[in-house]
Amino acid sequence: MTKRKTYLLATGALIAMIMAAPSTNAQAQPAEPPASLADLLIAASAGGELDRNPRDYDIILQTVIALEALGGDPDLGGATLLDVLSNPVAEVTVFVPTDGAFRKLARDLGWNGKGGDAGALTTITGAFDLATVRDVVKYHVVGEALNIFQVLRQDTFDTALPGASFSRVGKFKLADNDPDLKNPRLRSPAQLTAGESVAHTISRVLVPIDL
């Protein structure tokens, strides 16, 4: 067997493991197809309340809700991020950090690890104003729906934050604009679909600036 064929078989096996990994916790997709990414993430997070589970998506959900205070965003055509995630016909890809990913960022910012999701979120929102937090979240949104195979064939991703992109390095790692913090990786579940949109779970928060 050639090296190239061996590599392709190994890569295919890795993709299959990421997409098909069994999930017995709150990450499992609901039996009924969710209408939007917001519905999907809420269902996968047992309602989205801040807790001590690092594997679901409570922090991103609560952050997007808090950002409603800023009103519509010109970069999103006057919509809010919650509007985008709640729109069943929006064609976007969201690289969505788990609560554990946000906790890693909070630790980088000096968090002592106490208080679960709430403690991490308090640290992050204490370090940045809401407008900066919105920019960080927009940096995770790509304006087209990309399945996992398309993601793994693409090198650069233009985001909803104007002029800001991130890159894929290696097979499953993403490189953001902070050279000092560890880069996120795609992790299971790597493809969650709802409506016309796709979400891919990542292990750390993408950072659009050098902190």
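Let's start with a contact. D99, F102, R103, L105 and A106 in α5 meet G116, D117, A120, T123 and I124 in α6. Contact here means heavy atoms within 4.5 Å. The residues of this contact divide into 5 nonpolar, 2 polar and 3 charged. For those classes, Ala, Val, Leu, Ile, Met, Phe, Trp, Tyr, Cys and Pro count as nonpolar, Asp, Glu, Lys and Arg as charged, and the others, Gly among them, as polar.

A word on the source. This is a predicted model, where local features need pLDDT of at least 70, side-chain atom pairs count only at pLDDT 80 or more, and totals for chains, interfaces and linings use all residues. Residues are numbered from 1 along each chain as its sequence is written, and side-chain values use heavy atoms, with hydrogens and water left out.

The element names come from DSSP runs: helices are H or I with at least four residues, strands are E with at least two, and both are numbered from the N terminus.

Back to the two helices. How do α5 and α6 cross? Their axes come within 9 Å and cross at roughly 45°. Axes are lines fitted to C-alpha atoms, for helices over the stretch in contact, and angles run from 0 to 180 degrees between N-to-C directions. So α5 and α6 are oblique to each other. On this scale, under 35 degrees is roughly parallel, over 145 roughly antiparallel, 65 to 115 roughly perpendicular, and the rest oblique. The crossing of α5 past α6 is left-handed. That is, the near helix is turned anticlockwise from the far one by less than a right angle; clockwise would be right-handed.

Now, how many residues of α5 are buried? The count is 7 of the 10, so α5 is largely enclosed by the rest of the structure. Buried means under 20% relative accessible area, exposed over 50%, partly exposed in between, with a 1.4 Å probe and protein chains only. The buried ones are D99, G100, A101, F102, R103, L105 and A106. Their cover includes α3, β1 (93-97), α6 and β7. After α5 comes G110, with a positive phi near 105°.

Next, charge pairs. Side chains of opposite charge can pair when their charged atoms come close. The whole structure holds 7 salt bridges. A salt bridge is a side-chain nitrogen of Lys or Arg within 4 Å of a carboxyl oxygen of Asp or Glu.

Two of them involve α5. One joins R103 and D117, 2.8 Å from N to O. R103 sits in α5 and D117 in α6, 14 residues apart. Both are buried.

Another joins D108 to R204, with the closest N and O atoms 2.5 Å apart. D108 is in α5, and R204 is in the segment after β7 (197-202), 96 residues away. D108 is partly exposed, at 41%. R204 counts as buried, at 11%.

D73 lies in the loop between α3 (58-66) and α4 (81-86), while R134 is in helix α7 (residues 130-138). D73 is buried at 2%, and R134 is buried at 17%. The pair belongs to a network of salt bridges linking D73, D75, R134, D135 and K138.

Last, two backbone details. A cis peptide bond joins S188 and P189, with omega about -5°. P189 lies in the loop between β5 (173-175) and β6 (192-194). A46 is not a glycine, yet its phi is positive, about 55°. A46 sits in the loop between α2 (37-44) and α3. At 66% relative accessibility, A46 is exposed.
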